[in-house]
Amino acid sequence: MRPLVPPFIETLKPYVPGKPIEETEREYGISGVIKLASNENPLGPSPKAVEAMRKAVDQVHLYPDGASYYLVNALARHLGFPVEQVFVGSGSNEIIELLVRTFVTPEDDTLLCAGSFLMYKVALQAHGRPFREVPMKAGYRYDLEAMAKAITPRTRLIFLANPDNPTGTAFGKAELDAFVAKVPPDCFVVHDEAYFEYCDLPDYPNGLEYVRKSPNVIAMRTFAKAYGLAGVRVGYAVMDSKLVGYLNRTRMPFNLTSLAQVAGVAALEDAEHVRRTVTLTQQELRKLEAALPKLGVDVPRSYTNFVFVDFKRPAQPIYEALLRKGIITRPVPGYGFPNALRISVGLPEQNDRLISALKEILA
Ligand SMILES: *Cc1c(COP(=O)(O)O)cnc(C)c1O
């Protein structure tokens, strides 16, 4: 009998998401559990997005607009790009999948940074597309020089998470300029800006400016983080219109639900909600970055809404001790960091609770 699946599926490790609150409360017999595991917005969604979804819910017997017309137009206006250059997906995860399926063949090669966002690898492997991983450099940082050296004539697609998940580090314009200059025109660079709104690196490269200059650069963002819409799945990417045309051929006809479309439009209009979110997050991030190193752990400066805490010893027991205290964080062994936890910035009282819990556990 033939194997049920090809070898690349047999060896595929599923993506492990953050543990849900209800499951943790049931397993540990506790209540008041907080989740600092998936980089969600602790202030919740924009009330305007909630109201828009409420109004749209009566119409869910109808198929959604397959073109996501209003959302694409709102984004195009907001970003200052023609609508032909804007593509929306059911989360940026769908866009990652589509880029892999549409532009990479099994004969091509792709490049990733080892230890960076796992979904790139999962999407590539799930489709039997080859990939090579270039190690990070000191400080948990992308090594763009080494990545540029690793490019071959077969390299078709390169994923860059900037800021990075799970390390929270970021690289600047000079590094990206030098990198993009070395990438051949038939190789695509995906600049994943999932934490764009949070990033306060002074020379942070806005991917949109690169898209204007280079037809092989794709800038990707999401409504899942600062916009607080992780549960409805809305992401978008800006790229050359020819590429958008191909993605529109390979995507599912109704890839965004009607609720996701109206939520995205409304959230985009609520700039105040994003501002409030970013202000609170950065304030709390500085608090965590000041408090945690005093406990003897290594915390690189974060440009996101989470901290990467390197305990310099196995993190699994610390993760479990935190669970017993009702705090869900995110172990990252699958990324190659068995000694670290990724911890999302929560509300002030949640972060205080995390700091005291870690103090007790590490004492
Ligand atoms: C959270 C995240 C995404 C967003 O995923 P969605 O599918 O939009 O929820 C994309 N890239 C990185 C690096 C992320 O951390």
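In the protein chain, 54% of the 363 residues are buried, that is, under 20% relative accessible area with a 1.4 Å probe and protein chains only. The model is predicted, with local features requiring pLDDT of at least 70 and side-chain atom pairs counting only at pLDDT 80 or more, whereas totals for chains, interfaces and linings use all residues. Residues are numbered from 1 along each chain as its sequence is written, and side-chain values use heavy atoms, with hydrogens and water left out.

The chain contains 14 helices and twelve strands, taken as DSSP runs numbered from the N terminus (helices H or I, at least four residues; strands E, at least two). The C-alpha trace spans about 55 × 55 × 50 Å along its principal axes.

Helix α4 (residues 69–79) packs with helix α11 (residues 258–269) at an angle of about 25°, the axes lying 9 Å apart; axes are lines fitted to C-alpha atoms over the stretch in contact, and angles run from 0 to 180 degrees between N-to-C directions. The two helices are therefore roughly parallel, a term applied to angles under 35 degrees. Tyr70, Leu71, Ala74, Leu75 and His78 of α4 make the contact with Gln261, Gly264, Val265 and Leu268 of α11, contact meaning heavy atoms within 4.5 Å.

Notes
Parallel < 35°, antiparallel > 145°, perpendicular 65-115°, else oblique. Buried < 20%, exposed > 50% of the residue type's maximum accessible area, 1.4 Å probe, protein only.
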